[in-house]
Amino acid sequence: MGDMDMDMDMSMASPTAPCVAENAAFLTTLAYCINSTCQEDNVPAWKIEKYWADQATGDPTVLPQWTYGAALANITQAPTEIWTSDQVLNYTALISRSDFEYQITFDNLFDWEEHTQSTYVIVIVLIGVGTPVLTYLLRQLPYMTQVADKIKPYLIYPSTVGTYVIRPIPGLPGNAPTMGQGLYIGMFVALNIVLGAVSYKGFDQPHPWGFTHPGEIMAYVGYRTGHIAFALLPLTVLFSSRNNILLWLTDWPYSTFLVLHRWVARVCALQAVVHSITLLGAYISTGGYATDVHMPYWIWGIVATLCLVILLFQSLLWFRTRSYEVFLILHILLSVFVVAGCWYHVMYWAGFTGIYEYWLYAVSAVWFFDRLMRALRVFKNGIREGTVVEISADIVRVDIKGVRWAPEASHHVYAYFPSLSPYRPWENHPFSIVHTSMLHPQLLHPRGTDGIADKGVVTSTNVASKEMEEGVSKPPSSHQDDPSEPSACASPPATDGISMYIKRHTGSTKYLRAPANPTTTTTTTTIPVLLDGPYRGNASAQILKCDRVLLIGGGIGVTGLLAWTDKHPNVKLAWSVRAAAAPLVVDLGAALARVADKLVLVGERLDVSALLAHEVSAGWERVGVVVCGPGGLCDDVRQAVVTFGRREKTVFELEVDAFTW
């Protein structure tokens with residue numbers, strides 16, 4: 001029978017399987033044929049027995065009445081009569097040499113198709129996983145830093161659509177990837193198209209499964225695209241995981257993997273749709289559609305494909321921003337149905353194949369590993385008490401004592417507030433971390449003095465003149481004089497902890513309110529907090545190698561920048577806030593005092609181009625730019641870095657620290 005590894009067969013789940021399982025003549029004829037031909041190929045006995053158990057009846061769930069060895073034992077004498085298709089098989093027969101050659105030729109062709117398919121699937125997965133690792137390793141080679149510096153303003157930093165990256169594209173339901181992300185996406189999409197479309201061979205004789213020639217090619221395309229879709233499921237989940245091993249092996253940020261997660265998921269869904277359409281056409285060409293459409297394997301395949309397609313539309317930016325928690329729950333439920341549908345699709349179709357179910361094991365392992373690591377981090381941090389302090393009308397500070405984490409740049413934490421949403425205890429949100437010790441002036445030794453100017457006017461300097469010294473704009477005097485406004489002095493004395501500045505939104509954070517305390521000038525309350533973290537955002541190594549670090553923040557985005565101020569000896573902080581958020585400037589007074597070179601504007605926007613032009617005129621050879629704030633500010637900084645990077649000799653290293661939908 002040649003190679004015994006055929007897994008895809010139109011005869012799977014045959015309605016005649018119970019009859020075949022009890023037909024002694026069929027079983028002995030099959031056993032004799034296998035015994036007389038497989039000896040030439042030295043096929044081991046265990047492999048023959050496995051094939052017999054899985055394939056003899058055409059349905060792996062229906063076992064023949066005899067084992068292979070028992071069927072051979074029931075052949076009392078060697079057969080002499082050759083069976084022909086017009087005869088009833090009620091005796092042990094010989095198979096004609098022409099029929100055998102016909103079948104072995106087809107088997108060899110099909111084995112080649114399967115081998116090619118498996119090779120291409122492995123290539124897609126390896127390139128998908130290996131590209132981040134390979135690019136990271138390449139940058140460690142000699143002279144690659146100079147090469148990277150040249151290409152970043154052209155092929156890494158820019159947006160693929162105008163200047164939109166963090167901001168959504170107007171009129172379109174999503175965000176544009178950066179050029180660097182776009183290179184990966186383009187490569188991955190092209191790879192899937194090419195390897196899903198090439199290297200097919202047709203059988204040059206009447207097909208044993210009844211396919212026409214176009215139907216045969218459609219079937220092979222369907223088999224391959226279905227296999228690719230299975231293999232992309234683990235990659236899709238891996239890229240969305242907080243505990244993605246590639247985050248540990250490379251310096252690619254989590255935000256990039258989230259973008260790639262969406263695009264790999266789209267390719268996965270497209271492969272599944274092509275799989276469904278091409279096999280529908282193939283089955284129609286044989287007349288098998290009318291019977292198979294009612295079979296469980298077909299129904300579960302439809303369930304999996306439909307859930308994948310629904311996931312694509314349910315993941316559009318419009319749905320995510322309307323109610324992220326509803327989106328997340330539906331996303332997980334639909335994903336479970338995808339995996340379950342794929343599992344039952346395979347089990348009802350072919351049983352345990354030794355191929356497809358392993359991809360489902362992999363996707364389950366990746367998902368459970370990520371959840372396990374999250375749970376372990378939460379358990380390690382324990383149940384903490386958070387003190388909620390009102391800062392302004394829409395901003396609160398949450399101080400959490402007893403958390404001793406090393407102060408690292410660009411780290412964040414996912415915080416759970418179970419008492420705020422008792423019916424949704426799993427709800428959590430990412431927040432930048434400020435170490436509480438930074439908020440206490442009595443523990444600080446400022447490296448410089450504060451210049452105070454009204455309404456964004458910098459002392460002794462002018463932004464337009466590119467002579468920006470240090471400067472902090474003063475909030476309106478009404479805030480200064482109002483005793484109800486909090487100040488840095490109202491901070492709790494404990495310093496062994498972290499603080500999070502949170503802007504209230506529509507989720508559980510809208511309940512973060514502190515009732516007024518008549519005995520103090522501040523409003524505070526305490527709530528239980530669970531912490532999943534800390535997690536690294538963007539890698540800081542390349543920024544810290546620069547001669548100068550420029551930190552650009554907007555609103556509460558400054559909290560993602562403060563940890564950088566102690567990591568480099570030559571730092572400038574430029575921060576702007578709305579007039580309504582002026583109390584935040586007061587609350588962060590002690591932390592700002594630590595920064596010798598700063599520009600803080602209240603009620604005004606930063607002139608990003610002027611900031612970068614000043615750094616260029618200062619003569620720095622390499623400037624690291626870190627931005628954290630609203631999407632418009634982040635995209636403006638990105639575009640300015642691209643423009644100056646292409647035009648000036650100064651090399652700019654950019655990191656955008658922003659949580660996007």
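The following legends describe close-up views of a predicted model.

**View 1. Packing of helix α7 against helix α8.** Helix α7 spans residues 179-197 and helix α8 spans residues 213-240; their axes come within 9 Å and cross at roughly 155 degrees. The two helices, α7 and α8, are therefore roughly antiparallel to each other, since angles over 145 degrees are classed in this way. On the α7 side, the contact is made by Tyr184, Phe188, Asn192, Leu195, Gly196 and Ala197. The α8 side contributes Val221, Arg224, Ile228, Leu232, Leu235 and Phe239. Sorted by class, the contact of α7 with α8 comprises nine nonpolar, two polar and one charged residues.

**View 2. Packing of helix α8 against helix α15.** The axes of α8 and helix α15 (residues 356-381) come within 8 Å and cross at roughly 10 degrees. This crossing angle makes α8 roughly parallel to α15, as angles under 35 degrees are counted as such. From α8, the residues in contact are His227, Phe230, Ala231, Leu233, Pro234, Val237 and Leu238. Their counterparts in α15 are Tyr356, Trp359, Leu360, Ala362, Val363, Val366 and Trp367. By class, the contact of α8 with α15 contains 13 nonpolar residues, one polar residue and no charged residues.

**View 3. A nonpolar patch on the surface.** The patch is formed by Val147, Ile151, Tyr154, Leu155, Ile156 and Leu183, which together have about 480 Å² of accessible area. Helix α6 (residues 144-156) supplies the largest share of this nonpolar patch, namely five residues. Ile151 is one of the residues found in helix α6.

View 4. Most residues other than glycine have a negative phi, and most peptide bonds are trans. At Tyr143, phi is near 70 degrees, a positive value in a residue other than glycine. Tyr143 is located in the loop between α5 (97-138) and α6. The peptide bond from Gly533 to Pro534 is cis, and its omega is near 5 degrees. Pro534 belongs to strand β9 (residues 524-536).

**View 5. The salt bridge between Asp496 and Arg404.** In this pair, the closest N and O atoms are 3.4 Å apart.

Methods: Residues are numbered from 1 along each chain as its sequence is written. This is a predicted model: local features need pLDDT of at least 70, side-chain atom pairs count only at pLDDT 80 or more; totals for chains, interfaces and linings use all residues. Side-chain values use heavy atoms; hydrogens and water are left out. Axes are lines fitted to C-alpha atoms, for helices over the stretch in contact, and angles run from 0 to 180 degrees between N-to-C directions. Helices (H or I, at least four residues) and strands (E, at least two) are DSSP runs, numbered from the N terminus. Angles under 35 degrees count as roughly parallel, over 145 as roughly antiparallel, 65 to 115 as roughly perpendicular and the rest as oblique. Contact means heavy atoms within 4.5 Å. Ala, Val, Leu, Ile, Met, Phe, Trp, Tyr, Cys and Pro count as nonpolar, Asp, Glu, Lys and Arg as charged, and the others, Gly among them, as polar. Patches are made of residues with over 30% relative accessible area and no salt bridge: like charges are joined within 9 Å, nonpolar side chains (Val, Leu, Ile, Met, Phe, Trp, Tyr) within 5 Å. Accessible areas come from the Shrake-Rupley method with a 1.4 Å probe; for residues, only the protein chains shown count as cover. A salt bridge is a side-chain nitrogen of Lys or Arg within 4 Å of a carboxyl oxygen of Asp or Glu.
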